[in-house]
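Visitor: I would like a quick tour of this model. Please take me through it step by step.

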Amino acid sequence: QGIELRVKWPNDIYYSDLMKLGGVLVNSTLIETTFHILIGFGFNVSNSNPTICINDLISRFNKAEGTKLQPLSADCLIARTVTLLERLVDVFQEKGPNGVLPRYYKYWVHSGKQVRLGSEDGPAAWIVGIDDYGYLQVHEEGKGVESVHPDGNSFDMLRNLIVPK
């Protein structure tokens, strides 16, 4: 709990807002009246290079806090992730997006972040949430809230830059 893992929109898992540790990909298909969803995820569990891994963070946390958390094995992390994912899917099916968004917002890196739209000299906007379709919402002074779509490189967190479509 004390290790600062965060979610970066739309699909990355970060340590704080510093380094990517993993990601999630979701592919959905509607066949007649049934959604078929394929969820894939990957984590950097124990490979320290070229950046950092979850077990490095556990080791750092143990040294800083005087704790003795055990390193994670890949199979343990997969089991925990799938168990949690099943619970989240159940909540989503019962309550819709509003059932899971508060938890998502608790861990995402974007709360209150100011970004620039279009270019580094573009207008300032503040990230405010996610719309009903999963797109990032930003509030630009005098223009209100608008949704921005991911296009592969539309959100550059290191430069606080969003290029809306």
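Guide: First, a term: helices (H or I, at least four residues) and strands (E, at least two) are DSSP runs, numbered from the N terminus. With that numbering, Gly112 sits in the loop between helix 3 and strand 5 (114-117). Note that the model is predicted.

Visitor: How many helices and strands does the protein chain have?
Guide: Read the elements from the N terminus: β-β-β-β-α-α-α-β-β-β-β-β-β. The count for the protein chain is 3 helices and 10 strands.

Visitor: Is Gly112 buried or exposed?
Guide: The cut-off for exposed is over 50% relative accessible area. Gly112 has 60%, so the residue counts as exposed.

Visitor: Which residues does Gly112 touch, not counting those up to four places away in sequence?
Guide: Start with the C-alpha atoms of Gly112 and Val128, which are 6.9 Å apart. Along the chain, these two residues are separated by 16 residues. Contact itself needs heavy atoms within 4.5 Å. By that test, Gly112 touches Trp126 and Ile127.

Visitor: Is Asn62 buried or exposed?
Guide: Asn62 belongs to helix 1 (residues 54-65). Buried means under 20% relative accessible area. Asn62 has 16% relative accessibility, so the residue is buried.

Visitor: Which residues is Asn62 in contact with, leaving aside neighbours within four places in sequence?
Guide: Asn62 lies in helix 1, which covers residues 54-65. Beyond the excluded neighbours, the contacts of Asn62 are Thr67, Lys68 and Leu69.

Visitor: Which residues lie closest to the centre of the largest pocket?
Guide: The largest pocket holds about 2,700 Å³ of space. Its lining has 50 residues. Closest to the centre are Val7, Val24, Leu85, Leu88 and Tyr104.

Visitor: Which element gives the largest share of the lining of the largest pocket?
Guide: Several elements give two or more residues each, among them strand 3 (19-31), strand 4 (34-43) and helix 3 (97-107). The largest share is 11 residues, and its source is helix 2.

Visitor: What percentage of the residues of the protein chain count as buried?
Guide: The protein chain exposes about 11,100 Å², with 52% of that area supplied by carbon and sulfur atoms. The cut-off for a buried residue is under 20% relative accessible area. Of the 165 residues, the share that counts as buried is 27%.

Definitions and conventions:
Residues numbered from 1 in each chain as written. Predicted model: local features only at pLDDT ≥ 70, side-chain atom pairs only at ≥ 80, totals over all residues. Heavy atoms only, no water. Buried < 20%, exposed > 50% of the residue type's maximum accessible area, 1.4 Å probe, protein only. 1 Å grid on protein atoms, 1.4 Å probe; cavity = no way out; pocket = protein on both sides within 12 Å on 5 of 7 lines; lining within 4 Å. Points joined across faces, edges and corners; volume = space filled by probe spheres on them. Areas by Shrake-Rupley, 256 points an atom, 1.4 Å probe, with all protein chains shown as cover.
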